[in-house]
Amino acid sequence: MRRIKLFFTLFLIFAAFMVSGQSILKENHKSFRMGLALQGSIPTGNFAEFYSMGIGGALLFEGQLTNFFSVTAELGYSSYTGKEVEMPEGLVTMENMIVPSVLVGAKFQSGIFYGDIRAGYFMGDMEEIGLVPSIGVQYKNWDFNLGMKALNQYYYGFLRIGYYFLNTRKTDPFCESL
């Protein structure tokens with residue numbers, strides 16, 4: 001119950017920050033985007049021995065400060081299915097792992113391609129701070145992202161497909177010529 005309260009407290013602080021950030025960006029004629037994403041994850045290393053593929057979703061925020069640089073934030077949720085693992089005491093089925101996360105970062109964009117780096121707190125069954133480098137393609141309101149989540153004990157690759165349903169940018173200079 002304590003973890004749920006912590007997650008919702010962080011969510012409320014995060015939402016207030018993003019709403020106030022949206023008005024600042026609008027005043028300075030910069031764009032703001034908000035969207036949803038679906039994500040598939042593949043555990044690697046020791047993590048892959050105990051858990052199979054994960055699935056999740058995220059609420060995405062992006063505040064564009066220049067044509068090439070944006071600040072990003074993400075509230076995510078992932079679930080991993082436990083595997084049957086041979087232990088000294090016999091065959092053990094790992095419990096499913098649920099991982100809510102709060103991430104902030106920076107995005108560097110050139111045309112429709114971008115690279116970003118995010119850092120944040122992974123809660124639930126992990127309770128870790130992690131780093132998330134990724135690359136992606138953003139076309140109009142669609143976002144396709146491929147990366148690696150690196151935590152202290154857990155590493156996993158992911159593919160995320162997102163759609164920005166709120167976009168204050170009137171025209172997209174990266175997509176006009178496509």
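What follows covers a surface patch, then the nonpolar cores, in a predicted model.

## Nonpolar surface patch

Nine names make up the surface patch: Leu36, Ile135, Trp142, Phe144, Leu146, Leu159, Ile161, Tyr163 and Phe165. Together these nonpolar residues have about 880 Å² of accessible area. Two strands, β9 (142-151) and β10 (155-167), each supply at least two of the patch residues. The largest share comes from β10, with four residues.

Leu159 is one of the patch residues. Its place is in strand β10.

## Largest nonpolar core

In soluble globular proteins, nonpolar side chains tend to be buried together. Here the largest nonpolar core has 13 residues. Phe47, Tyr80, Met97, Phe122, Met126 and Tyr156 have the most contacts inside this core. β6 (97-110) and β10 each supply at least two of the core residues. β6 gives the most, with three residues.

Met97 is among the core residues with the most contacts. Leaving out residues up to four places away in sequence, Met97 touches Phe47, Tyr51, Ser78, Ser79, Tyr80, Asp125, Met126 and Tyr154.

## Another core

Another core lies apart from the largest one. This core has eight residues, including Phe32, Met34, Ala73 and Met123.

Definitions and conventions
Residues are numbered from 1 along each chain as its sequence is written. This is a predicted model: local features need pLDDT of at least 70, side-chain atom pairs count only at pLDDT 80 or more; totals for chains, interfaces and linings use all residues. Side-chain values use heavy atoms; hydrogens and water are left out. Patches are made of residues with over 30% relative accessible area and no salt bridge: like charges are joined within 9 Å, nonpolar side chains (Val, Leu, Ile, Met, Phe, Trp, Tyr) within 5 Å. Accessible areas come from the Shrake-Rupley method with a 1.4 Å probe; for residues, only the protein chains shown count as cover. A salt bridge is a side-chain nitrogen of Lys or Arg within 4 Å of a carboxyl oxygen of Asp or Glu. A nonpolar core is a set of buried Ala, Val, Leu, Ile, Met, Phe, Trp, Tyr and Cys residues joined through side-chain atoms within 4.5 Å. Buried means under 20% relative accessible area, exposed over 50%, partly exposed in between (1.4 Å probe, protein chains only). Contact means heavy atoms within 4.5 Å.
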